[in-house]
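Please open the model in your viewer and keep the selection panel at hand. The stops below are meant to be followed in order.

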Amino acid sequence: MKKKKSVRKLPQEIKTKGTRTESSLKTNAFSRLKIFSAIIITVFAFILYAGSIQHDFTLDDGAAIQDNSLTTKGVSEIHTILKTDYWYGSGRNISRGPIYRPTSIAMFAIIWEFAPNNPKAFHFVNVFLYACTCLLLFLILCKLFKNQNLLLAFSCALLYAAHPVHTEVVNSIKSMDEILCFLFGLSALWFMLKYISARSKLSFILGSICYFLSLISKETGVTFLLVIPMTIFFFTDSPLKRTLIMLLALAVVTGTWLVIRMMVFSDLPPNTGTTASVLNNTLNAAPDKISRFATAFYILLRYIVLLIYPYRLS
């Protein structure tokens, strides 16, 4: 029998194989660290507010949940919730106004269906959604700062999760609209980033849907109309044409949302309750336009200060 000749590997081949193995190990280690960091942030955010799960209904929770004729009927009234204003089903003497936020009211109806008049269930969902928001924020920061140390994204997400300025939003069930607005806004940004990197049409569609859900969660979601394209412009190498197409799509979604709002508010009577209610906008209490503008400027400045020095929250 002839002996098989052994093939000797050249030094360059051995070096290349070793480099690939080392690179693969580093990638796996980074992935494990990223997953571990994501778990820490999610659990930390949940535990931080877990104490609120034992709380009761407070303030506007009654009007939005307990005394709301739509919410207390469960999922059977979701179709009505989608075509009426926020306070339509309220049983209290609250002035109806141009506020269209069906997602949180629909969520309340779903929770009521499975846990009627149980504030613990509502608080649990609020805390859970907040933890999911912190997780998604971390993942997005990892994408945006992929060339930086993972500690940067981790620190930013952890700071967001622990910032005291979020206390009222997470502890108040009614403020689920704030959480959903930001969660869907971040989801829209996440999918649009995937669309830019992978040219995925599905991600483009999902991003547009999430942006719309952010808008119908709370009106402040409209800020993502600029936040998303600006993020794409400054943090990616996306061609300007693709960014403009995405901006056009978001603008179309915004226009659709505005038309829907106009249709929903068509039955509202043009009285002071809908146009100048202090309950809907405290700036309406200002005696003149100068005072109103000055107060608005002061409030915005106060918010910026609280982000840096969150003392004496009210």
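Buried here means under 20% relative accessible area, exposed means over 50%, and partly exposed lies in between (1.4 Å probe, protein chains only). This is a predicted model, in which local features need pLDDT of at least 70 and side-chain atom pairs count only at pLDDT 80 or more, while totals for chains, interfaces and linings use all residues. Residues are numbered from 1 along each chain as its sequence is written, and side-chain values use heavy atoms, with hydrogens and water left out.

Begin by selecting Cys-134, which is buried, with a relative accessible area of 0%. The structure holds zero disulfides (a disulfide being a pair of cysteine sulfur atoms within 2.5 Å). Cys-134 is accordingly in no disulfide, and the nearest cysteine sulfur, that of Cys-132, is 9.3 Å away.

Next select helix α10, residues 224-235; helices are DSSP runs of H or I with at least four residues, numbered from the N terminus. Colour its buried residues, which are Phe-224, Ile-228, Pro-229, Thr-231 and Ile-232. These residues cover an arc of only 155 degrees around the axis, which puts them on the same side of α10; the arc is that of the directions from the helix axis to the C-beta atoms. The face turned away from that buried side carries the exposed residues Leu-226, Phe-233 and Phe-234.

A polar atom of the Thr-231 side chain lies 2.7 Å from the backbone oxygen of Val-227. Leaving aside residues up to four places away in sequence, Thr-231 touches Leu-144, Leu-189 and Thr-236, where contact means heavy atoms within 4.5 Å. Now show the elements that cover the buried residues of α10, including α5 (119-144), α8 (176-198), α9 (201-215) and α11 (240-264).

For the last stop, which charged pairs meet in a salt bridge? The term denotes a side-chain nitrogen of Lys or Arg within 4 Å of a carboxyl oxygen of Asp or Glu. Arg-101 lies in the loop between α3 (78-81) and α4 (102-114) and Glu-219 in the loop between α9 and α10, so the pair ties together parts that are 118 residues apart in sequence. Both Arg-101 and Glu-219 are buried. Lys-218 and Glu-178 form another, with their closest N and O atoms 2.3 Å apart. Lys-218 counts as buried at 14% relative accessibility, whereas Glu-178, at 30%, counts as partly exposed.

How values were computed
Helix = DSSP H or I, 4+ residues; strand = E, 2+ residues; numbered from the N terminus. Polar contact = N/O pair within 3.5 Å; in protein donor to acceptor, adjacent residues only side chain to side chain.
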